[in-house]
Amino acid sequence: MTTRIVELRRGILKKNDELAAGLRDRYATAGVLVLNLVSSPGTGKTAFLEWTLIELRKRGARVAALVGDLETDNDARRLAASGAPVRQINTHGICHLDAEMISKHLDGWELGSLDYLFIENVGNLVCPSSYDLGEGIRVVLLSVTEGEDKPLKYPAMFNSADAAVITKMDLAAPCAFDRWEALKNINEIRPGMRIFETSAKTGAGIEEWLGYLEEKRVGRGH
Amino acid sequence: MHELSIVSSIVDTVTESAAVYPGARVVEVRLRVGALASVVEDSLQFCYGIATEGTALEGSRLVVKVLPVVMHCVPCGEDVALEGVQSFRCPKCGEPCFDLRQGRELEIEAIEIEEADGVEKAGVTA
């Protein structure tokens with residue numbers, strides 16, 4: 001018997017990373033800004049996205065959304081009420097979206113006719129952090145009902161995000177939400193990250209959020 | 001809990017890499033896992049036993065090397081390893097760090113195989 005060490009140095013998620021790089025090129029060629037929305041279940045991603053789609057459409061932006069869930073097309077139906085094209089991705093037990101699922105569900109969509117494509121990931125603050133979807137911006141959402149220390153509990157996700165959205169700010173007082181503590185914790189894990197304090201119910205924070213989207217879209221050179 | 005899909009991907013890659021050594025047995029698989037890779041070693045080990053059954057990896061050891069997060073500190077002008085993942089500040093000067101240099105790795109570094117003596121390696125010249 002001879003023992004041999006074989007050096008591999010192979011990324012375990014290489015296949016996903018390659019597919020994601022291909023998607024990133026497609027998005028860039030089409031000139032569409034793609035956002036990947038991640039959070040725990042129940043943070044209010046769908047409500048936040050519904051509101052974002054409606055407000056963007058009011059302002060004449062061309063938007064579409066892909067929404068991931070283990071089961072049901074409830075979220076897609078809710079989002080489609082905004083008038084935007086929406087597709088549901090059912091993962092049937094898989095805890096995250098991957099680049100292949102995105103690629104399959106983009107079939108037949110003319111990306112060049114869009115300004116923004118939103119991807120609502122499966123509610124999970126762990127696994128989606130490892131899967132690049134080719135997005136331009138990863139947005140992590142946190143609601144005031146979840147606790148200010150969420151960024152410290154899920155540093156991999158918060159550190160991988162480009163922007164943070166605090167949702168349900170209208171419930172901040174009843175939940176005794178410590179705003180400064182939450183902001184401090186986000187900043188500790190991802191120093192300098194843009195943070196938006198929002199409420200889909202009252203409309204708080206929408207202008208700042210839409211301004212950011214516009215700035216990022218234009219900043220990409222189209 | 002995506003460890004099972006990660007382990008399945010390890011099994012595929014290692015099976016393919018080991019196939020060029022006919023009759024060889026995989027005895028060890030070495031991973032490099034960054035502290036921000038979002039995988040849990042216990043779960044990997046648990047899934048590994050299940051996913052390797054009936055494959056060329058059955059009975060092999062999975063060795064996980066965890067890599068600390070390394071950030072580039074602008075004021076210090078150097079790369080610094082963080083002590084944990086609760087604060088992304090330079091441990092030397094205390095300034096926030098923005099530029100991640102290590103910590104998201106999820107890769108198979110190497111495999112250790114046992115070859116039966118006298119068997120030629122297929123398709124590879126020594």
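Author: **A strand in the interior of chain A**

Strand β6 (residues 137–143) of chain A is largely enclosed by the rest of the structure, because 6 of its 7 residues are buried. A residue is termed buried if 20 or more other C-beta atoms lie within 10 Å of its own, exposed if 12 or fewer do, and partly exposed in between, with C-beta atoms placed from the backbone. Helices (H or I, at least four residues) and strands (E, at least two) are DSSP runs, numbered from the N terminus. The model is predicted: local features need pLDDT of at least 70 and side-chain atom pairs count only at pLDDT 80 or more, whereas totals for chains, interfaces and linings use all residues. Residues are numbered from 1 along each chain as its sequence is written, and chains are lettered from A and ligands numbered from 1 in the order in which they are written.

β6(A) pairs with strand β2 (residues 33–38) of chain A in the parallel sense over 4 bridges; two strands pair if DSSP finds at least two bridges between them. Within this pairing, Asn36(A) has Arg138(A) of β6(A) as its bridge partner. β6(A) also runs parallel to strand β7 (residues 163–167) of chain A, to which 5 bridges join it. There, Val140(A) stands opposite Ala164(A) of β7(A). In general, strands of a sheet pair through backbone hydrogen bonds, either parallel or antiparallel.

The chain around this strand comprises 8 helices and 8 strands. Of the 222 residues of chain A, 45% count as buried. Along the principal axes, the C-alpha atoms of chain A fill a box of roughly 70 × 40 × 35 Å. Among contacts in chain A between residues at least 6 apart in sequence, 74% join residues at least 24 apart, a contact being a pair of residues whose C-beta atoms, placed from the backbone, lie within 7 Å.

In contrast to the buried residues of β6(A), Glu207(A) is exposed, with 10 other C-beta atoms within 10 Å. Glu207(A) belongs to helix α8 (residues 206–219) of chain A. Its C-alpha atom is separated by 9.5 Å from that of Glu55(A), 152 residues apart along the chain.

Chain A also meets a partner: 28 of its residues are in contact with 29 residues of chain B. On the side of chain A that touches chain B, β1 (2–11), α6 (155–160) and α7 (179–189) of chain A each supply at least two residues. The largest share, 10 residues, comes from β1(A). The residues of this side divide into 14 nonpolar, 8 polar and 6 charged, where Ala, Val, Leu, Ile, Met, Phe, Trp, Tyr, Cys and Pro count as nonpolar, Asp, Glu, Lys and Arg as charged, and the others, Gly among them, as polar. β1(A) pairs in the antiparallel sense, over 8 bridges, with strand β6 (residues 106–115) of chain B. In β6(B), Glu114(B) is the bridge partner of Thr3(A).

Conventions
Two residues are in contact if their C-beta atoms, placed from the backbone, lie within 7 Å.
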